[in-house]
Every structure is written in structure tokens, then in C-alpha cells.
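Subject: Structure for you to look at

Hi,

Here is the structure I said I would pass on. Please open it alongside this message, and read my notes below as you go.

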Amino acid sequence: MQTNICLFNTLTRKKETFVPLEAGKAKVYTCGPTVYDYAHIGNFRAFLFEDLLKRWLTYRGYKVTHIMNLTDIDDKTIKGSQKQGIPLRQFTDFYVKAFFEDIKALNILPADVYPKATDHIPEMIQIIKTLMAKGVAYKGEDGSIYFSVCKFPEYGKLSHLKVGELKAGARVSQDEYAKEEAQDFALWKAWTPEDGDVFWETELGKGRPGWHIECSAMSTKYLGETFDIHCGGVDNMFPHHENEIAQSEAATGKTFVHYWMHNEHLQVEGKKMSKRFGNFYTLRDLLAKGYDPIAIRYLLMSTHYRQQFNFTFEGLEAAKSAVERLRNFVRRLHEAEGTTATGKVATLTAKLEACFGGSMDDDLNIGIALSSLFDFVREMNALLDANLVSKAEAAEAGGLMMRLDEVLGVIGKVEVEEALPQDIDALVQKRETARKAKNWKEADEIRAQLKAMGIVLEDTAQGIRWHKEKA
RNA sequence: GCUGGGGUGGCCGAAUGGCUUAGGCGGUAGCCUGCAGAGCUGCUCUAUAUGGGUUCAAUUCCCAUCCCCAGCUCCA
């Protein structure tokens, strides 16, 4: 199999042709949520970018193995569970469940495995032991175990930060005094009274893992010591991913990851999303306002992942209309009854497939991919208007739309003429009778009545048409 | 302060040293329609932060200025 997918690699700051370790397979690890609260739309931008990447690799024929971790042990989850007075696991399970509900609503394909940090303590200890044996980790005065950054000369290769130039004291943590060097980071944190009953008694001492080690341990367990792609938000680039590289490569002596991909953050109404500005939204907040999750999916996905994106409610309305346009088009294809085949459809589908594919191959250039899709829709609509699309051609075009929707995930199953419930069907017939009798007033009233019930009627040259109104 | 990304029409967002400066949304006019919806077509008046420079030609390259965003030890 040969494909020509180019991905922007943070390591080299260049687009590179994707060459997997194993032909035809892509091993992908993506940093998942910290389950201490509902995820916000910024989190979902990252998960949607990763979903798009995965779907595109799949479209191009790769067998993708996708691992997404669930961080269920850190300061925030501990604090949250203590505040509610419930065990850590009970606390995090609640938000894990919420997370799965959210990604389902957004039509994000599930990962193959969602490993939890607390289920992988032994694997983490194994790596830390190896690092200690190699002399790159040490026990500090507080009993915590730290990674010695100066023992890993390549430290900073991902984020392009020079260790010596890091601003000291920007966020000084309590345990800093116990470290040999300020830039060293914790692999294992010794128990402190604030941790309460959250600790593990291990050969490293009583305590809990540092944040970064979980991703090294779990990615290695499920994908191997070296794998293809690792994704996350730009904020994870430093220190999280930099530290993962240090830990993993120091432990194994092998390259950890070939392609590092980072998505940019989003802003809301031109400002940084923050609780302080009152522009902080979880998916649930938006759903409660009545927005369609698929419109949210479309909106968050339709801007290139390395571009900062400005989330606005106006944009969300626009996204809803755009999705509706695609769905209307697919609906028309289902209903096409033309008999004349001009051969133009084949030309258009070939053009779309080539242009969409070429764009997506270019570091997921979704902007151009979508513009080619809408070009196709417009040109096909014109042919449909002129009744120049045969049934077979419509099926061909519809098939392509469905294949592309395997990537976009926004059209879904457009209902074909299924049977309406009897009472509704009776209303439709009644209106039709009134309409035929040119009794417009009654016909319009029934139409409005049906709309209130979620059934949209359209009168077309081919007869009456209906579809369910999407939220 | 250091490092990086960015400022494109009413809004969102592509692209490019000239060849038609995408696409979506919105507005508007026309066609179609009893009306509406969907769809098609036109228009939305020199859209590329500002000031210089290089060039036959810059929105695209260079310089300066202003503004926004991010990273600088646990926020996607």
C-alpha cells in the first residue's frame, strides 16, 4: 500500500510524508481528558482533530490502533473527590461516563482502548525503576522521585525550548526545593497529608505517580516502545510531551514517537476562553441551549487544526446551515428519478474524490476539502434541477457522499421515505386535498401544525416531500 | 522579558509573486413556486492591520509599527 499523506511534525516543524512503522498500520496515541469535570469545547476541538486524523488514515486504508488515556489521578481529581467526600474512583467514574456520552454525541469514533492511569501503576513503577537503575532518576529529599533533565541531552527537542532559558519561578511548586535542578520533574510523588487516602504502597515508597509517566507507561504497553503518531493540544507540548520523550527514550534507548501532532487552541468570541470572561462552555452547556451536536462537530472541525479558531454562536448557526445543505443534497440524490445519463456525474465525482483526497492528504487541509465538496454539491444540484441525473448516477454520487461522510461524520443516515405514523400521514393527505382545492389557508395551517411536530413538508415538482427537522 | 503563531469581504474561514483572490454563512435581486421550503443565477460597491521597501507585478517576500493569541513545569 502506498499513500501520500503528509503530516506536520512538531519535532521537525515540517510537513513530512507519513511512513508507518508497519506497512498498512498506524499506531496512534492521543492525550485524553483529566476526568475531574465535564470537558469543554476546547478539549473537544482536540478530540475532533484526532478523530478526523484517524478517520482519514482509515479512509486511506490504514488499520489504525488508537489509544486514548484517561487521567484519573492528579491534584484536581484528588481535590474533587475530597470535596465531595467520595472515593477517587467513584468521583472519576462519573466524569468518565460523561466523557463517553459527550464523544458519542459528537460522533467521535471510540478509541480501541481507554487505559486509566490508576490501572497502570505497576507499569509506571517498572519504567521508573529502569530510569533509576540507569542513573537518570533520583530520590529527592522529600522522598519523591525526579527525572534528572541534565542527563538527557536531547531534552527540549520537541518544544524547541532551551532548558537554561526557562523562566524560573513562573509557577513554583511546593516540592521544588527537594529537586536537584529546577527543571527536573516528578516521576513519583511522595505521599503528603493533602493526598488523604489516595496513595499506593510500592517499592518506590508510599505515594502516587507524577503526571507524565502515565502516558509513557500506557502508550508503551499498548503500542510498543516506538509508535507512529502522538497527538495533543499545543499546551501539552511542553512540558508534558517533552517529559514523555525524556522518560521513554531514556528508559528504552529507542525513538519514542515518529510523528508528533499538536492542535491549536480555540478562542471564544475573540477572547481566550475562561470562566472569568463568562465565555467558558462545556458541550453540555451548548446542548442545553439547543444546539445540534453535529453542528458543533462541523464547526470545530472545519478550521485547520493548527490554526487558532474563534468560536462564535454566529459561526455555530452557520455550521448548522452548512450541514443542513449537505443533508438536503443527499436527500435529493435519494429521490432522483431521472433517466438521462449525461456522463457528467462521473466527471464530477472523480474530480471531487481527487480534490478532497489531495487536500486531506496535505496535513488534513479540510478547508479545501470542504470547498471541493460544496463545489460538487452546487454543480450536482444544477444537474438535478435540469433533471439530468439518472438514478444510477445519483446512486453513484450518493455513494461517494457516504464514503466522504465516513471521514466527516456530519451527514449521517438521511432518512429515506419511511412510512409516517398514520395520524401524521392522515394530516399530510388532508393538507394535500386542501391544497389541490386551492384552500391555501387550511393547507398552510396544517403545514405549520406538522412543522410544530417536527415534520417539514416541501412541495416539489415531483410531488410532496417531507423530512424530519433536525435539532 | 524570551520563544512561537496570527491579523483577509457583513461574519467564519482558504489560497497564492501575476493567469478566475476558494468555500460556507448572512443579506439582496431574479428564476421556480399559490405561498413557503429546497435549488439555481447575479449582486454584496478596489477584502488582504498600518507605514515603508524589493519587484515589470505583493495580500503573498523584506523592514518597522500597532493589535490579538499561545508556551515558558502538571490548562486541549
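Serine 359 sits in helix H10. The model is a predicted one. Serine 359 has a relative accessible area of 8%. The cut-off for buried is under 20%, so serine 359 counts as buried. Leaving out residues up to four places away in sequence, serine 359 touches Leu364, Asn365, Ile368 and Ala369.

Stay in that region for a moment. Aspartate 363 is in the loop between H10 and H11. Aspartate 363 is buried too, at a relative accessible area of 0%. Its phi is positive, about 55 degrees, although aspartate 363 is not a glycine. Most residues other than glycine have a negative phi.

Asparagine 107 is another non-glycine residue with a positive phi, here about 60 degrees. Look for asparagine 107 in the loop between helix H3 (88–105) and helix H4 (121–133). Is asparagine 107 buried or partly exposed? It counts as partly exposed, because its relative accessibility is 32%.

One peptide bond also deserves a look. Going from phenylalanine 238 to proline 239, the bond is cis, with omega near 5 degrees. Most peptide bonds are trans. Proline 239 belongs to helix H6, which covers residues 237–252.

Now the whole chain. Chain A has 14 helices and 16 strands. Its C-alpha trace spans about 90 × 50 × 35 Å along the principal axes. Of the 471 residues in chain A, 51% are buried. Consider the contacts in chain A with a separation of 6 or more: 76% of them are between residues 24 or more positions apart. Chain A exposes about 22,100 Å², and carbon and sulfur atoms supply 52% of that area. There are 61 positive and 67 negative charges in chain A.

Next, helix H12. It runs over residues 391–408, which makes 18 residues. From first C-alpha to last, H12 reaches 25 Å, close to the 26 Å expected at 1.5 Å a residue. Which residues of H12 are buried? They are Glu393, Ala394, Ala397, Gly398, Leu400, Met401, Leu404, Asp405, Val407 and Leu408. Seen down the axis of H12, these buried residues fall within an arc of 160 degrees, so they line one face of the helix. The face turned away from the buried side carries exposed Ala392, Ala395 and Glu406.

What covers the buried residues of H12? The cover includes these helices:

- H1 (41–59)
- H8 (293–301)
- H9 (313–335)
- H10 (344–361)
- H11 (366–385)

Just after H12 comes glycine 409, with a positive phi of about 65 degrees.

Just after H2, glycine 85 takes a positive phi of about 65 degrees.

Last stop: leucine 70. Where is leucine 70? Its place is in the loop between strand S4 (63–68) and helix H2 (75–84). Leucine 70 is buried, with a relative accessible area of 1%. Not counting residues up to four places away in sequence, leucine 70 touches Pro33, Val96, Phe99, Phe100, Tyr114, Pro115, Lys116, Ala117 and Glu214. Take lysine 116 from that list. Leucine 70 and lysine 116 are 46 residues apart in sequence, and their C-alpha atoms are 4.8 Å apart in space.

That is what I found.

Best wishes

Terms used: Residues numbered from 1 in each chain as written. Chains lettered and ligands numbered in written order. Predicted model: local features only at pLDDT ≥ 70, side-chain atom pairs only at ≥ 80, totals over all residues. Heavy atoms only, no water. Helix = DSSP H or I, 4+ residues; strand = E, 2+ residues; numbered from the N terminus. Buried < 20%, exposed > 50% of the residue type's maximum accessible area, 1.4 Å probe, protein only. Contact = heavy atoms within 4.5 Å. Areas by Shrake-Rupley, 256 points an atom, 1.4 Å probe, with all protein chains shown as cover. Lys, Arg positive; Asp, Glu negative; His and termini not counted. Charge placed at Lys NZ, Arg CZ, Asp CG, Glu CD. Expected span 1.5 Å × (residues − 1). Arc of directions from axis to C-beta.
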